[in-house]
Each structure stands twice: as C-alpha cells, then as structure tokens.
Amino acid sequence: MARPQVHGHDMQCLSFVNPSVFVSGAEEKVFRAFRAPKSFVKSLEALTGVPSSKSFGASRIAEFGACVPALGLSNKPMIEGETVDGEHWEEDAFRAAPTVLETAPTEDTLQQNTLWPEDHKLYGHGYEVYAVTANPRGTVLATACKSSHVEHSVVMLWKTEDWSKQAEIVGHQLTVTQIAWNPSGTVLLTVSRDRTAKLYKEKAGNIDGFEYECVWTSGKQHTRIIWACDWLDDQRFVTAARDQKVIVWDSDGTPKAQIKLDEPVTAVAASGGVIVAGLQTGELVVLRLNGENLEIVEKVGTNPIPIDAAVLRLRFSKCGKKLAVATSDAKLRVFEITE
C-alpha cells in the first residue's frame, strides 16, 4: 500500500510510536521519525473499509503526501494538489503526485507517490544505530547503537512529544541488541553482545518518566551473545542467545525455566504462555511454559540440510493469534497460531 521511505542504507530496526508515527533505524547514525500522510489514511480506509477513526484514533496526521526534493535526503510534506516538477524534462517522469488509492498500487506509484513525511531526525549516537522501541503509551522512545565501548553502549531515552533527548542509561559494555518495556511501561529490559541482560526501573514508577536505574544484571547463565528478549507479562520475561539457550526469568531476575535447542537462537517472541524461538537455520521452535519446564510443542521449517537463513525478528499481533517472521533471506512470513 505504501513505501514510506526510500532506503539509502540497509534497514536495522523499527518501532511504532502510535498508529500514525514510526521510528526507523538503518546503517547510519541517526533515527528517523515518519508520520502517516492524509493520502495514506484515506487509501487505507478505501482499500480495507475500516474507518480511519478506528485505525488512527486521535493520532495526528501529516499533510497530504510527501516527496524527496532534488539533492534532498529527507521526505518533505506536500499539500493536496501539489506536484513537484523537475528542473529538466527527464526528471518530470519521476515527479511525486500523491493520491488516494482505490486499487493496489503499481511499483512506480509505490516508489514516488506513497512516501510519508519525515517528522524528525534523532541525532546523538556515535555509531550505526541498532535497536529501538517505544514504551506502551508511546511517550518515551529508547534507542541504542553498535558499540565496542561502554561510552557508546548506552540506551538513549527520547520524549516523543518533541523528539528531545532526555536521558542516557549507562550499563552495558558492548552493543545493546534488543530493548523491551514490560507491559506496564515502568521496567526496561535490555540484552547485549556482552552476554548480559539488565533490568532498569523508573525510580518513581512513572510510565512517562526518564529516571531509570539498574536493579538487576544477569550472571553467567548465557555464555554467548544474547540476541533477543521479550516479556510474557509483568512478572516474567525471556531471553535467547547464541549459546542455543532460551531462559525464562521472574521479574526479579530469578531464572524460572530454560531449554537448550539444537542451533543458536537469534530471535524470540512471547504471547501468553507461548514462546517462539527463531534459530540461525531459519527454523521456528514453539515452546510452552509448564511450571518450571519449557516444553517443545512444535518445530516449523526444519531443513534436513542446515542453511544460514537466520530468523532476525519475531513479533506477535496484539491478539496473539498471528506471528510475523522476518528472516535473512529477505522474506517475511505471517503464521496463524492455533491451539
């Protein structure tokens, strides 16, 4: 339906802040925030039949569309009816003309007419950005970058209302690979290449606050890089690492259950009592927590000849019935979860 951004670098991470705004990070030192334009909102309503009020609620919408000016690197907003003419005749074939879609768009329409205006660039990290997530209310954004030193292994906190940087959380020694807020939005979980997981609590318990302090650091339970983490609920979280282990922890950092799989674990997602681990080979292992044991329910995508098609990201839908799987072979799959 839309191609919000023309990517100049390989994409690394993305997080929605609210229904109309997402923040993306690529192999550069800045994060970029984009806001849905009116043309996309109206197109979504026309193609799906779902009222825009249900999809976007009270979220602020941008101008009608966006374009990339000549020699420009940022998507600029366009008002309805506006077009951008090239300085030379050959450029006119690529001028932006945002419109409301009634049918699925063609490739050239996707390329130039469905961009989202760029709201802001978030500067501050010293190396290529690597991880981003917004708190449940969408008021605070946490970001991290690639790092081999303590000074760059910080998690930066941003106020999404005006995109101002509010704080830096110091703690890890190397790249923070993934960040996850608990469902209540007052505890931040981070995992890192330094083989540790950490919990940070907001001092006043304020979901919109920025005063986080470290309350727990894992020991030597993981012996290789920890690639992924997720929360089952406010009382339990899960970590997954290259050492092939998936560990479920209580919210105080006590190991509750663990299992060692056949291959390095590169991604993990949880929904209720179901945990899905993504492996280096592209295989999915569905786990269920039974007391103090993690039991294998099913394996999906087992290949008799191991291949390198690592699962990069796993994400459950809000209802917990669908699972999105992104792998390094440039494919995105959506699975439906049944009992």
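Before the first entry, a cut-off I need: a residue counts as buried when its relative accessible area is under 20%, and as exposed when that area is over 50%. I also keep in mind that this is a predicted model.

**Entry: T327.** I looked up T327 and found it in strand β24, which covers residues 322-327. Its relative accessible area is 7%, so I put T327 down as buried. Leaving out residues up to four places away in sequence, I see T327 touching A309, A310, V311, L312 and R333. With R333 there is also a polar contact, side chain to side chain, at 3.2 Å.

**Entry: A330.** Next I went to the loop between β24 and β25 (331-336), where A330 is found. I noted a positive phi of about 70° here, although A330 is not a glycine. Is A330 buried or exposed? Its relative accessibility is 75%, so I count A330 as exposed.

**Entry: W163.** I found W163 in the loop between β9 (155-159) and β10 (164-169). W163 is no glycine either, yet it has a positive phi of about 60°. At 8% relative accessible area, I list W163 as buried.

**Entry: a sheet.** I then traced an open sheet of 4 strands, antiparallel in its pairing, in the order β1-β2-β3-β6. The edges are β1 (11-18) and β6 (118-122); each has a single partner strand, so one side of each lacks a neighbour in the sheet. On average, neighbouring strands here are turned by 20° against each other, ignoring direction. I checked β2 (residues 21-26) against β3 (residues 31-35) and got antiparallel pairing over 5 bridges. For G25, the bridge partner in β3 is F31.

Notes. Residues numbered from 1 in each chain as written. Predicted model: local features only at pLDDT ≥ 70, side-chain atom pairs only at ≥ 80, totals over all residues. Heavy atoms only, no water. Helix = DSSP H or I, 4+ residues; strand = E, 2+ residues; numbered from the N terminus. Buried < 20%, exposed > 50% of the residue type's maximum accessible area, 1.4 Å probe, protein only. Polar contact = N/O pair within 3.5 Å; in protein donor to acceptor, adjacent residues only side chain to side chain. Contact = heavy atoms within 4.5 Å. Pairing = 2+ DSSP bridges. Axes fitted to C-alpha atoms, helices over the stretch in contact; angles between N-to-C directions.
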